[in-house]
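Hi,

Here is the structure I promised to pass on. Have a look first, and my notes follow below.

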Amino acid sequence: MEKIRKILIGILYTVAVLVALFSILSIFRNTPSRYLKMLDFPRIQFFITSLICLVILIVLTKHRKWYNYVMMSLLLLGLLINGNYLYSYTPFSSVTVPNSPPSINTDKVISILLVNVKMKNRNSKKLLEQIETKNPDVILAMEVDRWWDKQLSKIEKKYPYHREVINDVAYGMALYSKYSFENITVDNLNNDKIPYIEGLLRVKNNRLVTFHCVHPVPPTHYKDLPDNEGNEEKAMKMLGFRVEEANYPSIVIGDFNDVVWSKVDELTHTDNLLFDVRTGRGFYNSYNAESFIMRWPLDHIYVTKEFSLKKIERLDYMGSDHYPMYVELTL
């Protein structure tokens, strides 16, 4: 029994040391090293693991020695580091996008469905059912290849305004709208294989809104897919410049391949220009839908100050490794 206890304590100390070390190293996330950048993602997991290790350590070590206190201090430091990043996305924090009044005029509501379909996913039925049920005004689909383009063509009658940029390297994109496009352009922010769609839409109350649709590469290396290895992450900075130049209220949507606590001002080099609909409301972890433990928020909706939020939902699993996100904004 004593041998088993020592083994368990050894495992506990190993886990505690690793999670404390990773939490401290995660401070240096703004670095060319993709390994340090990736430590920014599992902050929820680091926080929970640190808390569990700390509680077990307190319970098991009644006659504490100096190294017990060192370990407890490191775990507390990890809790403080990760808690500092996570706090803004808990109900204890104030919202940055205000709630819409309950009696808001429906002509002022813009509903959006955001979904990374996962290129290799060949189950379109569930997504088409979700589109039918939610009946959003605007849909942004990502990782759209030729097969998905054909499946989504079934909604074109209901969404007469659409723009597709199809490719087979997991960065195809398709924007569908019930609203007319006053102007729509396709560009590349940092990689010629990765599209950026900017559309000026005339919404229900006859106001103009600029949609910025993005899907930048993640901070990792891929053998057969685009990546940003050895390059600065310029896409979000360039996006920030586009939003600053916009003459109308703006909505930024997409799979950013980055977590919300990376701070939108830091990502885009803007200052109090874009606001996260999640702040003060919850994490709404949209990835990885295929893992119960390793989940974090990658699919984002940012808006300028003119908007308020009526509803935010993470929809059910539809075959992709991302959950669809649905929001209702008012303008």
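Let me start with a strand pair: E7 (residues 208–214) and E8 (residues 250–255) run parallel and are joined by 5 bridges. Strands here are DSSP E runs of at least two residues and helices are H or I runs of at least four, numbered from the N terminus; two strands pair if DSSP finds at least two bridges between them.

Before I go on: this is a predicted model, where local features need pLDDT of at least 70 and side-chain atom pairs count only at pLDDT 80 or more, while totals for chains, interfaces and linings use all residues. Residues are numbered from 1 along each chain as its sequence is written, and side-chain values use heavy atoms, leaving out hydrogens and water.

Both strands belong to an open sheet of 6 strands with mixed pairing, in the order E5-E6-E7-E8-E10-E9. Its edges are E5 (180–187) and E9 (275–276), each pairing on one side only.

Tyr287 and Asn288 are joined by a cis peptide bond, with omega about 10°; Asn288 sits in the loop between E9 and E10 (299–303).

Two non-glycine residues have positive phi: Lys118 at about 65° and Asn257 at about 50°. Lys118 is in the loop between E1 (109–116) and H5 (125–134), and Asn257 is in the loop between E8 and H8 (264–268). Lys118 counts as partly exposed because its relative accessibility is 23%, whereas Asn257, at 11%, counts as buried. The cut-offs are under 20% relative accessible area for buried, over 50% for exposed and partly exposed in between (1.4 Å probe, protein chains only).

Cheers
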